[in-house]
Amino acid sequence: MIALLLRDLKLAFRAGGGFGLGLAFFLIVTVMVPFAVGPQSSLLSTIAPGVLWLGALLACLLSLDRLLALDWEDGSLDLLATAPLPLESVVTIKALAHWLTTGLPLVLAAPFLGVLLNLPVPGFFWLVISLLIGTPAMSVIGTFGAALTVGLKRGGLLLSLLVLPLYVPTLIFGAEVARRGATEMEVQTPLLMLAGITAATIALLPFASAAVLRINLR
Amino acid sequence: MTLTVSDLSITRGGIPVLEGLSFQLRPGKALILRGPNGIGKTTLLRTLAGLQPPLEGTIEGAEDQIAYAAHSDGLKPTLTVTENLTFWASVFGTSGIQSALDAFDLNELADRHAGNLSAGQKRRLGLARMLVTGRPIWMLDEPTVSLDKNAVQMFADAVRAHLAQGGSALIATHIDLGLDGEVLDVGPNKAKPKPIDDFDGGFL
């Protein structure tokens with residue numbers, strides 16, 4: 001399992017691995033928001049938590065179609081399925097590698113992008129906390145979507161259509177934590193809901209992902 | 001470990017391709033799978049490797065015993081030859097990368113990225129991967145595609161060494177590898193084993 005994680009990290013950081021694409025997308029989307037809504041700092045400050053969350057979510061989505069498709073194309077997925085490694089572990093490791101190369105950099109970059117949108121000072125801490133708790137769920141749900149569409153030609157668009165509705169609960173509670181944090185309101189309820197959603201997806205979805213992957217490999 | 005297949009029926013895309021297939025693959029033996037294109041050789045190998053369920057029949061002795069080499073080699077172009085082999089050795093919990101490099105004459109290419117190898121060199125690396133799995137039953141799907149005469153000989157030697165160590169191999173191929181084994185001649189909806197020499201005589 002460690003070997004698979006290390007290999008995926010190595011592949012992501014090497015040429016053509018796609019590391020940094022999500023981060024660059026997040027940066028560009030955030031920079032473009034003031035161009036679209038105008039430079040009023042009070043308005044930007046109000047919408048900053050939601051925009052940053054939506055930006056992070058879309059950046060996460062960007063790299064999902066490569067998550068299993070590359071392994072499927074070069075035959076690795078078939079070989080991994082015949083290896084002494086349960087497919088449940090394979091998809092969990094894949095999701096972890098995706099989070100480490102996409103989700104975690106977004107979490108770390110979010111405070112800097114918060115400055116661009118005039119995010120209120122108390123909001124920085126809760127933005128990072130909410131993304132830290134919410135992005136693993138996005139990687140796990142994304143892996144499920146990637147497993148559903150693996151092997152389909154131009155499955156990327158279908159993957160987005162399948163995954164985006166599943167991201168809604170995470171987005172609602174994640175953005176709510178950041179918004180409440182920014183306005184110094186109580187964050188406990190949405191934070192617990194967000195953590196619950198993440199815990200449930202991590203516990204349950206790898207089994208579903210492995211099941212659909214087995215069917216798709218036939 | 002003997003692989004025993006009884007009354008196996010398999011499908012591809014919901015269409016039955018082989019029915020009533022029975023054979024045994026004993027340790028130290030090779031079985032050459034032959035038949036026209038589209039007859040279901042790849043589907044049979046995938047079924048035996050556990051990648052798809054059979055329609056009917058039983059497969060005994062395959063659990064965690066099979067190393068499968070498909071048309072695609074599962075190589076990562078941005079990893080070096082050694083890194084590719086090390087990864088698969090770690091997944092299968094084995095070592096012996098050096099002997100795999102030696103067997104397929106890959107030592108000079110060890111630090112080269114797999115993406116920079118020729119088709120034949122990639123194939124050799126894909127076959128070297130079989131050695132690092134440490135699994136006793138090899139399932140090889142057209143293993144000699146893109147290989148030159150020397151490389152085919154290297155492959156045949158590797159299979160002989162594997163058989164000598166008590167392993168077995170089921171090989172779908174259209175060329176004569178000079179192996180001591182039986183031929184499983186599959187036709188539409190039927191299959192029966194024949195000795196290799198008879199088949200070659202008829203084939204040639």
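Tutor: Start with handedness. A crossing is right-handed if the near helix is turned clockwise from the far one by less than a right angle, and left-handed if anticlockwise. Keep in mind that this is a predicted model.

Now the crossing itself. Helix 2 of chain A spans residues 21-37, and helix 3 of chain A spans residues 41-62. Their axes come within 9 Å and cross at roughly 150°. Helix 2 of chain A makes a right-handed crossing as it passes helix 3 of chain A.

Next, the residues. Helix 2 of chain A brings A:Leu21, A:Gly22, A:Phe25, A:Phe26, A:Val29, A:Thr30, A:Val33, A:Pro34 and A:Val37. They meet residues of helix 3 of chain A, including A:Leu43, A:Leu44, A:Ile47, A:Val51, A:Leu52, A:Gly55 and A:Ala56. A:Leu58, A:Ala59, A:Cys60 and A:Leu62 also belong to the helix 3 side. By class, this contact has 17 nonpolar residues, three polar and no charged.

Helix 7 of chain A covers residues 121-149, and helix 9 of chain A covers residues 188-217. Here the axes come within 8 Å and cross at roughly 15°. Helix 7 and helix 9 of chain A are therefore roughly parallel to each other. Their crossing is left-handed. On helix 7 of chain A, the contact residues include A:Ile133, A:Gly134, A:Pro136, A:Ala137, A:Val140 and A:Phe144. Among those they meet in helix 9 of chain A are A:Ile197, A:Thr198, A:Thr201, A:Ile202, A:Leu205 and A:Val212. The class count is 16 nonpolar, seven polar and no charged.

Where does chain A meet chain B? There, 21 residues of chain A are in contact with 20 residues of chain B. On the chain A side, the elements giving two or more residues are helix 1 (2-13) and helix 5 (76-81). Helix 1 of chain A supplies the largest share, five residues. That side has 10 nonpolar, five polar and six charged residues.

Chain B has a helix pair to look at too. Helix 2 of chain B and helix 4 (residues 119-133) of chain B have axes that come within 9 Å and cross at roughly 35°. This crossing is right-handed. Helix 2 of chain B contributes B:Val81, B:Asn84, B:Leu85, B:Trp88 and B:Ala89. From helix 4 of chain B come B:Leu125, B:Ala128, B:Arg129, B:Val132 and B:Thr133. This contact splits into seven nonpolar, two polar and one charged.

Step back to the domains. Chain B is divided into domain 1 (1-65 + 136-204) and domain 2 (73-135). Their C-alpha centres lie 23 Å apart. The contact takes 13 residues from domain 1 of chain B and 11 residues from domain 2 of chain B. On the domain 1 side, strand 6 (137-141) and helix 5 (149-164) of chain B each give two or more residues. Helix 5 of chain B gives the most, with four residues. By class, the domain 1 side has 10 nonpolar, two polar and one charged residues.

Last, confidence. The model scores ipTM 0.85 and pTM 0.87. Chain B averages a pLDDT of 82, and 91% of its residues score at least 70. Among the elements of chain B, helix 2 (residues 81-91) has the highest mean pLDDT, 90. Strand 9 (residues 190-195) of chain B has the lowest, 50. Over residues 192-196 of chain B the pLDDT is below 50. Beyond near neighbours in sequence, that stretch has 13 contacts in the model.

Terms used
Residues numbered from 1 in each chain as written. Chains lettered and ligands numbered in written order. Predicted model: local features only at pLDDT ≥ 70, side-chain atom pairs only at ≥ 80, totals over all residues. Contact = placed C-beta atoms within 7 Å. Nonpolar A, V, L, I, M, F, W, Y, C, P; charged D, E, K, R; others polar. Axes fitted to C-alpha atoms, helices over the stretch in contact; angles between N-to-C directions. Domains from an automatic or database assignment. pLDDT = per-residue confidence, 0-100. Parallel < 35°, antiparallel > 145°, perpendicular 65-115°, else oblique.
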